[in-house]
Amino acid sequence: MAKPLDEYKRKRDFTRSPEPAGDADAAKKTRKDKPRFFCVQKHLASHLHYDLRLEHEGVLMSWAVPKGPSLDPKTKRLAMHVEDHPVEYGTFEGVIPEGYGAGIVMLWDQGTWEPESADVDQALAKGDLKFKLDGYKLKGSWVLVRTAGYGGGDRAKSKSWLLIKHRDDWSGDVDITEFAPLSVKSNQDLHEILAEDNPDVWRTNRPVEGGETGAMLREIIQKAAALKAGREKAIGQGKAVAHRPKAGGKTFASKKAADGSIQMLEESHEAKGRASRAVARKARGGGAPRRAKKR
Ligand code: MN
C-alpha cells in the first residue's frame, strides 16, 4: 500500500518549492483527539478552482472543485479527488512561484468537520461520504458522492465526485463564491495576496525567472487583474458585495455592503456560529427565496 503523501511528494521538488513536505505519521500523533480540520483554498493556477481539504489520519484528503461549493442542494458541483496534502498545507495562503500548482492560493474558508458516516474509510471506499462542516462560510451537512465520471469507466476507480449540500439551516440560494470571495485569513483578494510585500508564504530561495514559469505568472497576474475588474463591475451592477472595511472597520467599499449583514463575515469570530444562512437571507433583502442562478 502506498504511504501517505507519496503522490504529493512525487509531484514536488522540495529543494525548489516553498510548500511543506509534511509528515503524516507525526501529524497523526499530534492531531490525535483534536477536532478535525477542514479548509477550502481558492487556487488560481492554470485554472481557478477551490480545493476542499478534510483532515483524516494525519493528512488532508483533497478534492479540487472547479466551480467551488454551492449552498444550493440542487446544484451538484464536480469535485476531482486529488492527492492528500500535509496538514500544514491547510492554513497556507500565498504564492507558489513555480512548479506543480504554481499560482496564488487563498485561504477561502476554514474550520472543523465531522463525519456523518460512521466509518470514514468505509465511506470513502463506497464513494459516499456524508459530513458536517463548521467553517466561516460553509456550514451544515454535505455529501461527497463518487460518480463514474466522463466516459463512464469503473466507478470505484473514478476520481470524479460530486459535492452536494444537504438541505438544512445552512443551505440557501446565495452564490457563496461570489458573495464572499475574499480570504478568511487576510481578508484579501487574489491579486492582493500576489501583491503583498511580506506574504505568509513558504518562500522559495529562487526569484521568479523568465521562460515558461515567468510567462505563466504573467498570465496569472493578468487573470488576477481581470478578476478584480470583473468583481468591481459586478459590484457596480449590484450583483456582488465587497465586504471589506476601510481602516477602522466601520465603512464599507460598497453601498450594499453597508447593510450590516456583511460585518458578520468581516469579523470572523462573530461570523462563526451564525454565518451564511443569515447573511444569505439579508443579502436577498429578507424577501421571498430566489432561484439559484443557472450557469
Ligand atoms: Mn489546487
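Biologist: What does the protein chain contain in helices and strands?

Modeller: The protein chain has nine helices and nine strands. This is a predicted model.

Biologist: How much of the protein chain is made up of buried residues?

Modeller: Of the 295 residues, 36% are buried. Contacts also reach along the chain. Take those between residues at least 6 apart in sequence: 59% join residues at least 24 apart.

Biologist: Why is Leu-133 called buried?

Modeller: Leu-133 has 22 C-beta neighbours inside 10 Å. The cut-off for buried is 20 or more. So Leu-133 counts as buried.

Biologist: Where does Leu-133 lie, and which residues is Leu-133 in contact with beyond four places in sequence?

Modeller: Leu-133 lies in strand E7. Its contacts beyond four places in sequence include Phe-38, Gly-111, Trp-113 and Trp-142. The C-alpha atoms of Leu-133 and Cys-39 are 9.5 Å apart, although 94 residues separate the two in sequence.

Biologist: Why is Asp-134 called partly exposed?

Modeller: Asp-134 has 18 other C-beta atoms within 10 Å. Buried needs 20 or more, and exposed needs 12 or fewer. The value 18 lies in between, so Asp-134 is partly exposed.

Biologist: Which strand holds Asp-134, and what is Asp-134 in contact with?

Modeller: Asp-134 is in strand E7, residues 128-135. Leaving aside neighbours within four places, Asp-134 is in contact with Gly-111, Thr-112 and Lys-139.

Biologist: What makes strand E3 mostly covered?

Modeller: Strand E3 spans residues 59-65, and six of its seven residues are buried.

Biologist: How do you know that E2 and E3 pair?

Modeller: Pairing needs at least two bridges. Strand E2, residues 48-56, and E3 have seven bridges, in the antiparallel sense. So E2 and E3 count as paired. E2 and E3 form a hairpin with two residues between them.

Biologist: Which other strand pairs with E3, and over how many bridges?

Modeller: Strand E4, residues 77-86, pairs with E3 over five bridges, in the antiparallel sense. Trp-63 stands opposite His-81 in E4. Ser-62 stands opposite Val-82 in E4.

Biologist: How do you know that E4 and E9 pair?

Modeller: They have four bridges, in the antiparallel sense. The cut-off is at least two, so E4 and E9 pair. Leu-78 stands opposite Leu-162 in E9.

Biologist: What makes the phi of Glu-57 stand out?

Modeller: Glu-57 has a positive phi of about 55 degrees although it is not a glycine. Most residues other than glycine have a negative phi. Glu-57 sits in the loop between E2 and E3.

Biologist: Why does Glu-57 count as partly exposed?

Modeller: Glu-57 has 14 C-beta neighbours inside 10 Å. Exposed needs 12 or fewer and buried needs 20 or more. The value 14 lies in between, so Glu-57 is partly exposed.

Biologist: Why does Asp-33 count as exposed?

Modeller: Asp-33 has 4 C-beta neighbours inside 10 Å. Exposed means 12 or fewer, so Asp-33 counts as exposed. Asp-33 lies in the loop between helix H2 and strand E1. Asp-33 also has a positive phi, about 65 degrees, and is not a glycine.

Biologist: Which residues have the most contacts inside the largest nonpolar core?

Modeller: That core has 41 residues, and those with the most contacts inside it include Leu-52, Trp-63, Ala-79 and Ile-104. Strand E6, residues 103-115, gives the most to this core, with six residues. A second, separate core has five residues, among them Leu-71 and Ile-176.

Biologist: Which residues is Ala-79 in contact with, neighbours within four places aside?

Modeller: Among them are Leu-52, Trp-63, Val-65 and Leu-163.

Biologist: What is the mean pLDDT of the protein chain, and where does pLDDT stay under 50?

Modeller: The mean pLDDT is 76, and 68% of the residues reach 70 or more. Over residues 197-207 the pLDDT is below 50. Over residues 241-295 pLDDT stays under 50 too. The model has 78 contacts beyond four places in sequence for residues 241-295. Where pLDDT is low, the predicted coordinates should not be read in detail.

Note on methods
Residues numbered from 1 in each chain as written. Predicted model: local features only at pLDDT ≥ 70, side-chain atom pairs only at ≥ 80, totals over all residues. Contact = placed C-beta atoms within 7 Å. Core = buried A, V, L, I, M, F, W, Y, C linked by C-beta atoms within 7 Å. pLDDT = per-residue confidence, 0-100.
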